[in-house]
Amino acid sequence: MKIDRVELRYLQVPLKAPFETSFGRFSVKDCIFVSVHSEGATGYAESVAFPAPYYNEETTETVWHVLERFLIPRLIGQELELPEEVSALLSPIRRNYMAISSLEGAVWDLYCKRKGISLAEALGGKKREIDVGVSIGIEPEVDMVLRNVERFVEQGYKRMKVKIKPGFDIRLLEAIRKRFGNELLLMADANSAYTLEQIDLLKQLDDYDLMMIEQPLAHDDIVDHAVLQKRLRTPICLDESIHTAEDARKAIELGSCRIMNIKIGRVGGLTNAKAIHDLCMRHDIPVWCGGMFELGVGRAHNIALSSLPNFTMPGDTSASDRYWTQDIVEPAVAFIRPGTLAVPSGHGIGYEINHKVLDRLTVRKSIF
Ligand SMILES: [Mg+2]
């Protein structure tokens, strides 16, 4: 397939309710929406970078800049046989994985549409449906989180992930266990809010039967996490620290985690995400798919990836109505049963774009 044209759109989408993590509070989602065109077919993807560099070093504006100046010029006019070639083509560019991923993902969708297969099938996924959990932000009061947990339990989500930070951790987990019992599948995500000096506090997490504690220590660390994992019964799951299959290999060798969160954007696209999945599977490290407040297109990519066999734990890919009043895809991402999403069998991502909604949310557009 020859890459004829790429279109970028800067979208701004209001969240249904603000979401807070240890690094900030969001009420609007900014994202770059990418369309890649080849001989009448179009592939879609979206970037997951936030407007400010708090999760990683990329921002919505750096994604646009890197796509416009460095990535799209390398892709336009190229004749590709397989989407895996994109990673190699863009490999001279260091990091900027979210920018790379948004272009690479659109090429995967394009490839699948031209070939008449689903994205899940192209990746080698066999699952027809996936179990999903939900991610619950920090609130000013513990009671407000409890109300959110209750609401999502009622909606059927299969696992609750709560964001924690120092001062909003033990008392939150204590309250959740007291109210909902030990049967609830519960995990905590610290987004790097602690250091090894707080090991005594972190060891208290072992009392709450958590499925895992996600990224308790620094965003770029795998050494201290290995020290901590030896002292904790609760499995550590790495998120921010893992950008490449090499990072994953080193973390596994050091014993820095027992579970891995794979986010397509964080690791530079589907090709690398699959490589990390395969590596973890060989080492008996279960994986799950993390969320970044994706719109429907990003959700569809996550669902396709989650159809791979080592995604054995419910991920963060909730239904569209978790965050959005109206999604950019049709139909919206919705449960087929409580807590279960179907893996679409349609071509590519398996969802149509609602161009009216897309136009309404677009604040800037460029064609290359
Ligand atoms: Mg996380």
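Which residues does asparagine 261 touch, not counting residues up to four places away in sequence?

## Basis

This is a predicted model in which local features need pLDDT of at least 70 and side-chain atom pairs count only at pLDDT 80 or more, while totals for chains, interfaces and linings use all residues. Residues are numbered from 1 along each chain as its sequence is written, and side-chain values use heavy atoms, with hydrogens and water left out.

## Asparagine 261

Leaving out residues up to four places away in sequence, asparagine 261 touches Glu214, Cys237, Leu238, Asp239, Arg266, Trp288, Cys289 and Gly290 (contact: heavy atoms within 4.5 Å). Strand β10, residues 259–262, holds asparagine 261; helices (H or I, at least four residues) and strands (E, at least two) are DSSP runs, numbered from the N terminus.

Asparagine 261 counts as buried because its relative accessibility is 0% (buried is under 20% relative accessible area, exposed over 50%, partly exposed in between; 1.4 Å probe, protein chains only). Its side chain makes a polar contact of 2.8 Å with the side chain of glutamate 214. A polar contact is a pair of N or O atoms within 3.5 Å; within protein, one must be able to donate a hydrogen and the other to accept it, and residues adjacent in sequence count only if both atoms are side-chain atoms. A polar atom of the asparagine 261 side chain also lies 3.3 Å from the backbone nitrogen of glycine 290.

## Backbone geometry in loops

Arginine 95, not a glycine, has a positive phi of about 45 degrees. Arginine 95 is in the loop between α2 (85–89) and α3 (97–115).

The peptide bond joining glutamate 330 and proline 331 is cis, with omega about -10 degrees. Proline 331 lies in the loop between β12 (329–330) and β13 (340–342).
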